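Dear colleague,

I am passing on the structure we spoke about, and below it you will find my notes on what came out of going through it. Please read them with the structure open beside you.

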Number of protein chains: 2
Amino acid sequence: MKLSVKDMDISSGDALIGILNEKDAKLMDFHPGDRIKIVRGNRSETVMLNISVGKQSVPKGSIGLFEEVLSSLQLHHKDSVEILPVRKPFSLELIKKKLDRLPLACSEIRQIVSDIVHNRLSSIELTYFVAACYMNELSKKETLCLTREMAMHGDKLKLSAYPVMDKHCIGGVAGNRTTMIIVPILAAAGLTIPKTSSRSITSPAGTADTMEVLADVSLSLRQVKQVVEKTNGCIIWGGALRLAPADDKIIRVERPLSIDAESQLLASVIAKKASVGATHVLIDIPFGSGSKVLSRKKALHLKREFEDITGRLGIKTHVLLSDGSQPIGNGIGPALEARDVLWVLRNDARGPADLRKKSLAMAGMMLEIGGKAKRGLGLKLAEEIVNSGQAYRKFVDIIKAQGERVTKPEQIKPARYSLDIKSPRSGTITHIQNSSISKIARVAGAPADKAAGLFLYHHVGDRIQKGEPIFTVYSINKERLAFVKFAVRKLDGVVIK
Amino acid sequence: MKLSVKDMDISSGDALIGILNEKDAKLMDFHPGDRIKIVRGNRSETVMLNISVGKQSVPKGSIGLFEEVLSSLQLHHKDSVEILPVRKPFSLELIKKKLDRLPLACSEIRQIVSDIVHNRLSSIELTYFVAACYMNELSKKETLCLTREMAMHGDKLKLSAYPVMDKHCIGGVAGNRTTMIIVPILAAAGLTIPKTSSRSITSPAGTADTMEVLADVSLSLRQVKQVVEKTNGCIIWGGALRLAPADDKIIRVERPLSIDAESQLLASVIAKKASVGATHVLIDIPFGSGSKVLSRKKALHLKREFEDITGRLGIKTHVLLSDGSQPIGNGIGPALEARDVLWVLRNDARGPADLRKKSLAMAGMMLEIGGKAKRGLGLKLAEEIVNSGQAYRKFVDIIKAQGERVTKPEQIKPARYSLDIKSPRSGTITHIQNSSISKIARVAGAPADKAAGLFLYHHVGDRIQKGEPIFTVYSINKERLAFVKFAVRKLDGVVIK
């Protein structure tokens with residue numbers, strides 16, 4: 001059936017929605033919630049059907065489309081499209097199988113990934129798959145298949161360079177913006193590092209959110225290639241590319257409950273490294289009380305899984321277990337973290353020592369892995385590159401190539417309203433809980449408000465006097481600061497003894 | 001913030017959707033997919049937010065609402081409403097807990113049920129709860145709490161009669177329309193039986209779909225009370241009432257994968273019995289190859305669970321294990337099943353013997369349980385009530401009280417196009433697979449097309465000649481019959497040896 005497109009001028013934020021008039025729907029025996037396929041030339045998209053009850057909103061002979069569909073199919077008002085019924089995807093049986101704790105063959109995982117990518121599963125159906133994988137972890141073989149299929153179903157960055165370096169941190173530590181220091185060091189040393197990063201899910205800032213304070217991060221694959229060929233590196237938002245679209249969709253349904261199944265974590269990280277053609281990868285697993293991975297034992301287990309699966313895909317991988325028991329850096333929130341990074345790269349005394357130390361150690365390891373420094377001499381080279389200002393100059397090059405916003409720390413101002421949180425007693429700080437600090441920065445408005453967040457004056461081990469500020473919270477909104485006051489009373493994330 | 005309602009004239013079929021102009025959304029820091037609360041007087045509803053990108057669809061100062069929201073809040077175009085942000089529901093932590101295989105306290109289950117009923121959980125979040133309960137079955141204590149909470153959060157039918165009879169079949173058998181024969185028998189004998197039934201989920205017809213061929217089934221609680229007070233019985237669609245709204249929402253997310261967690265099955269059935277004030281209940285568990293419950297062992301386990309939980313709620317329950325290995329009755333699909341029922345009640349020779357036998361046996365048991373017949377004499381009384389025409393007359397009374405459509409079998413015509421499925425060989429029928437027969441009837445268009453379905457000429461044990469029809473399929477649509485031909489080739493549900 002041919003229909004004329006009506007631009008509904010509405011965005012669902014995620015779901016692909018199409019609206020038919022009830023008369024057309026009845027004619028074709030379509031019901032609200034059904035999936036239908038919209039075909040325009042050689043492009044097609046599966047959308048969820050809503051029904052227009054009268055004739056005002058969507059008249060007979062038209063199909064109302066939400067922004068997400070219009071943009072995906074590059075459609076405009078009054079364009080003509082064809083609609084077709086969609087059969088129940090075959091994956092449903094396979095997802096049921098996994099819910100029943102039966103193993104999936106690689107061909108079955110391929111089917112599921114293909115149905116996810118082609119939008120054939122509703123969010124409810126996809127959630128069942130994620131829940132099944134969470135409660136009944138995929139085997140190593142299944143995880144390997146999932147990784148391969150995720151990487152296969154997506155675009156690829158093709159660079160002629162060798163080696164292609166990459167890094168990943170599994171997260172859970174507030175601040176910890178090492179990527180933005182490591183990438184310019186490596187790029188300055190002549191190594192290729194096309195770094196894709198994520199936006200925050202549950203944290204107050206992802207690397208992509210933080211880099212966005214300084215430069216554009218939503219680049220096309222062609223633009224990324226240009227930036228990397230010009231500067232050796234980039235720091236962009238992976239979500240703007242289609243590197244592993246299945247993974248992007250899975251992450252979207254994991255978000256509401258902050259689900260993080262191990263097999264999906266592994267597949268997600270590795271598939272994206274494979275898609276950018278990484279040959280040498282450093283993975284940082286922070287562990288310890290208050291971080292994502294609580295114990296050394298669990299961290300070691302993850303390390304082995306990463307090494308095993310990347311090994312089977314031919315990617316050389318080093319895994320670093322690091323201290324994840326407290327925030328790294330002083331600023332928390334996109335703008336405040338970006339300022340820390342710039343201070344470190346400019347050798348400014350205000351650059352947090354812990355952030356500099358960790359970033360340079362990791363950069364040093366990667367210089368050795370990538371063949372730019374002899375064993376044991378990587379850290380020294382990294383220090384030279386930063387101290388000489390080469391790293392900062394390279395970072396400015398990258399920022400300019402991506403679309404410059406800010407290159408100097410003094411251009412960054414925290415949000416207008418602030419609140420000092422003071423120590424209730426004199427003593428030594430024995431613990432700063434990452435999750436509590438993250439929560440406060442989020443309540444203050446990060447990452448949606450880039451300038452919101454907090455600034456830590458102290459780290460674990462510091463002595464503090466009663467009444468001295470532990471940190472200052474910044475927000476663009478006074479009401480949010482009132483919430484923060486309440487949150488701080490309840491969270492009690494800083495222990496002073 | 002006060003906003004003016006815009007009737008969007010769109011139905012999502014399920015989800016409650018509200019649309020804000022992007023300027024208003026930005027002002028209040030709302031994003032697409034956020035939950036917001038809409039308040040009108042003392043009523044409120046939580047809706048999922050979509051954003052209008054331009055000013056055409058939803059101008060600043062307005063909120064566009066889908067039909068589901070307008071009807072729930074009884075709102076009209078240009079009404080004024082207040083909107084408020086909604087905090088993340090507390091249940092999310094509890095659902096995560098269940099995903100992590102930890103037990104839930106009754107107070108925690110109460111919180112989850114309350115959040116489900118008040119629409120505070122998105123379909124993704126609710127799916128996680130259902131998946132968690134499916135993969136990690138609730139304990140008996142948890143199931144009891146879930147049942148109580150489901151019954152508590154909903155409307156109640158209050159009748160002064162005692163006993164209040166009820167029955168339930170856990171399903172899985174094609175045809176098997178015993179309710180529509182049992183209710184008039186009991187009502188004719190003077191027992192009160194306010195029967196609520198479901199529509200089909202995965203079968204070609206639910207009792208509500210079948211009864212709808214003859215009478216209205218979407219009644220309000222007040223109307224149900226009137227019908228039962230007048231005729232002693234009713235057969236209505238439970239979904240039109242709010243007897244256990246949490247269960248209705250759970251069933252909606254179970255549907256896509258035909259998930260059926262035991263604990264949710266128990267809670268769902270029993271909560272609805274408790275809500276209509278049932279004091280004496282007969283539960284039919286058909287088991288055997290091709291039905292929902294495959295083994296006698298599993299059926300016995302379910303029987304004990306039903307007895308135990310209803311016992312703790314003070315409901316006297318008998319559980320019948322019946323033969324579920326083949327369809328019961330000849331017609332499959334709403335109209336064809338309704339015709340079978342009318343034939344049985346009118347003592348027409350075309351009434352299927354198996355349907356009559358099972359229905360009368362169950363009615364007999366219930367007459368004994370309800371104190372209308374001495375032990376061992378229930379079946380005899382049931383036969384007298386049917387043979388004398390009392391049951392049919394009572395059924396006509398009920399149909400009239402609910403809103404008459406059809407009372408005579410000759411008024412029912414199967415769908416226009418038909419296809420005979422013939423035996424490929426001579427021999428004895430040794431198996432008729434319920435799920436295959438159901439699938440064929442659904443492909444033919446049942447239950448959406450009431451007159452679609454199939455008519456079985458034979459049951460297990462019958463001898464059949466090569467080329468003799470096994471069943472005839474009916475559809476309003478020729479293309480569907482072409483699908484049926486294909487489905488029959490693949491399904492092979494009838495075994496002839």
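Some points on provenance. This is a predicted model, in which local features need pLDDT of at least 70 and side-chain atom pairs count only at pLDDT 80 or more, whereas totals for chains, interfaces and linings use all residues. Residues are numbered from 1 along each chain as its sequence is written, while chains are lettered from A and ligands numbered from 1 in the order in which they are written. The pLDDT, which is the predictor's confidence in each residue on a scale from 0 to 100, averages 93 for chain A, with 100% of the residues scoring at least 70. For the complex, the predictor gives an ipTM of 0.82 and a pTM of 0.83.

The interface between the chains

Counting two residues as in contact if their C-beta atoms, placed from the backbone, lie within 7 Å, 39 residues of chain A are in contact with 39 residues of chain B. On the chain A side, the elements that give two or more residues are β2 (10-11), β5 (43-52), α3 (91-99) and α5 (123-135), and α5(A) gives the most, with 9 residues. That side divides into 19 nonpolar, 14 polar and 6 charged residues, where Ala, Val, Leu, Ile, Met, Phe, Trp, Tyr, Cys and Pro count as nonpolar, Asp, Glu, Lys and Arg as charged, and the others, Gly among them, as polar.

B:Ile10 is buried, with 26 other C-beta atoms within 10 Å; a residue is called buried if 20 or more other C-beta atoms, placed from the backbone, lie within 10 Å of its own, exposed if 12 or fewer, and partly exposed in between.

Helix α5 in both chains

In chain A, α5(A) has 13 residues and reaches 18 Å from its first C-alpha to its last, close to the 18 Å expected at 1.5 Å a residue, the expected span being 1.5 Å times one less than the number of residues. This helix is mostly covered, with 12 of its 13 residues buried, among them A:Glu125, A:Phe129 and A:Tyr134. Helix α5 (residues 123-135) of chain B likewise has 13 residues and reaches 18 Å; because 12 of the 13 residues of α5(B) are buried, this helix is largely enclosed by the rest of the structure.

The domain assignment, which comes from an automatic or database source, gives chain A domain 1 (2-85), domain 2 (91-136), domain 3 (165-409) and domain 4 (417-496). The centres of domain 1 and domain 2 of chain A, taken over C-alpha atoms, are separated by 27 Å, and 5 residues of domain 1 of chain A are in contact with 5 residues of domain 2 of chain A.

Strand β9 (residues 193-197) of chain A has 5 of its 5 residues buried, with A:Ile193, A:Lys195 and A:Ser197 pointing one way and A:Pro194 and A:Thr196 the other. β9(A) pairs in the parallel sense with strand β10 (residues 233-237) of chain A over 5 bridges, and A:Thr196 stands opposite A:Ile236 in β10(A).

In chain B, 4 strands form an open antiparallel sheet in the order β13-β16-β18-β14, whose edge strands are β13 (331-332) and β14 (417-422), each pairing on one side only.

With best regards

Methods:
Pairing = 2+ DSSP bridges.
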